[in-house]
Amino acid sequence: MTDLIESKAWQALKEHYESIKDVHMRDMFADDPQRFEEFSASLNDILLDYSKNRVNKETMSHLFALARQGHVEEWRDNMFAGEAINSTEDRCVLHSALRNRSGKPVRVNGRNVMPKVKAVLAHMRDFSEQVRSGEWRGYNGARIKSIVNIGIGGSDLGPHVVCEAMKPFAQRGLKAYFVSNADATHLVETLKQVEPESTLFVIASKTFTTQETMLNAYSARKWFMDLVGNEKAIEKHFVAVTTNIELAEKFGINEANTFEFWDWVGGRYSLWSSVGLTIALYLGMDHFEALLEGAYDMDQHFKKAPLEKNIPVILALLGIWYNNFFDAQSHAIMPYSQYLERLPDYLQQLDMESNGKTIDRNGHRVNYLTGPIIWGQSGTNGQHAFFQLLHQGTKPVPADFLIPALSQNPLGLHHRVLFSNCLAQTKALMLGKKYAEAVDEMTHQGFDKETIEEVIQHKVFDGNKPTNTIIFERLTPKTLGSILAMYEHKVFVQGVIWNINSFDQWGVEYGKVLAGQIQKDLSKPGDVDNHDASTNGLINYRKRVYFDEIEKCGVD
């Protein structure tokens, strides 16, 4: 592949950018009454309005040409076909197979994986129904009331965002907790809220060796044993999501309570697999399968819709437009739904771990920006925290606003207020406020001329700030499945165009190696000098504090 920024499509976009960079969206809307119809796309009950972007038909034509130049359709088809597109790890990328509802085979190395996928789903259904019905009980006959998911990364963020978002569909009397941080506080504060006889722990680790997960798992096991004192009882209170049955059995987990997944399931794409066991337990298997159905619908849309109406492709191209031509360093996620409060956290991992790369597929350093910083917060809270920067700050921040048309909790005027705020913010970000408009506003408010002249510049808003609005009828498992899959495919498309591998994370692995060495050094008495001066100083400080504490109290 030729150098991306020297390619024909890129150069055409660069030239076009010079002609459109100073055009204001308010003028675009004034010139085109059909702009909403032209720049929107839909799937089922999901509507994407991207008309409040600094684009016209020519812009989008150039962006679609960029996608075709990057062979997005070919890479997409190779992914769904089970080709090993994760080149650095020689793995295929088939999270889509986990939600394949067509009945058609999906092959890895010539073998149809769907029988195994269906078998695991059946295992999840059988187990979750036992727990939810009360057939499965704790060691002393108590009904399970608390599910504690112990994992990290995708084994935490995926199930967590779904369980939080789908609270209205949860079984009454059942609570889901999530522990991920190696900081003991996370586990300790969670265990204060549960009772051993009515708690089920789900240990999610592909290898059953993930440091943070197993640290928390063994501490939870010790807590349980200290209170119960019955080794055999572990079988009724701990289950594993892993490929390492042997280590799970050594932990005390019966093989029958071990749920399999495979190396073609990437961690940040794993909620669709048995990693979603906590979802099935909390919501019920019917709702988990509705989640899969929604994702499958988005998969089919991504596979079959022309690029010009393809929601993930459109979102990806708009992101590249701002990232690489407007030099936007970040992208904000604004869910106007309290249930989606954790969506920005989930999308941080999905996007930043996937496309936070400087080396392309050919092993060369890129000379253009890749993945943006993903951040955000639920509305309307964000309006009172950081929207000032969005409106009048010096940094361009494109943003996605997500909102249901109907609330799960209709209460007086609440949803009308929420909805109006969401639309008002995107309108204000687009329109801005001209000098004359600000003067007129202050005059009508009764301010004198002197006061107006003193503060008027502070009342002016440039506007022209791009947003996407993603609206859907109601937040259901199926709709949520589609939304999460939509973002997966968006990230994939951007990685293809940037010519990077979106499915490895070697930077994360390097930190783990260094942590292992530092951990050994922390356990030895005496100062260390085998690291850089900063790391040596910090290690030695902690050791002095730690060993002083041991000497005083005899405890860690």
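Strand 12 (residues 399-404) and strand 13 run parallel and are joined by six bridges. Helices (H or I, at least four residues) and strands (E, at least two) are DSSP runs, numbered from the N terminus, and two strands pair if DSSP finds at least two bridges between them. This is a predicted model, in which local features need pLDDT of at least 70 and side-chain atom pairs count only at pLDDT 80 or more, while totals for chains, interfaces and linings use all residues. Residues are numbered from 1 along each chain as its sequence is written, and side-chain values use heavy atoms, with hydrogens and water left out.

Let's stay with strand 13 for a moment. Strand 2 (residues 46-49) pairs with strand 13 in the antiparallel sense over four bridges. Here are two of the facing residues:

| Residue | Residue opposite in strand 13 |
|---|---|
| Asp400 | Asn468 |

Strand 13 (residues 467-472) is largely enclosed by the rest of the structure, because six of its six residues are buried. Buried means under 20% relative accessible area, exposed over 50%, and partly exposed in between (1.4 Å probe, protein chains only). Thr467, Thr469 and Ile471 point one way from the strand, Asn468, Ile470 and Phe472 the other, and all are buried.

On to the cores. A nonpolar core is a set of buried Ala, Val, Leu, Ile, Met, Phe, Trp, Tyr and Cys residues joined through side-chain atoms within 4.5 Å. The largest has 120 residues, and Val162, Trp264 and Trp321 have the most contacts inside it. Helix 21 (residues 477-498) supplies the largest share of this core, 12 residues. A second, separate core of 24 residues includes Ile150, Leu187, Ile203 and Phe251.

Phe251 lies in helix 12 (residues 245-251) and is buried, with a relative accessible area of 0%. Leaving aside neighbours within four places in sequence, Phe251 is in contact (heavy atoms within 4.5 Å) with residues including Phe208, Met214, Ala217 and Tyr218. Phe251 and Ala217 are 34 residues apart in sequence and 9.2 Å apart in space, C-alpha to C-alpha.

Of the 39 residues that line the largest pocket, Thr210, Gly267, Gln505, Glu509 and Lys512 are the closest to its centre. Helix 22 gives the most to this lining, with six residues. On a 1 Å grid over the protein atoms alone, a pocket is an open set of points where a 1.4 Å probe fits, with protein on both sides within 12 Å along at least five of seven lines; lining residues have an atom within 4 Å of a point.
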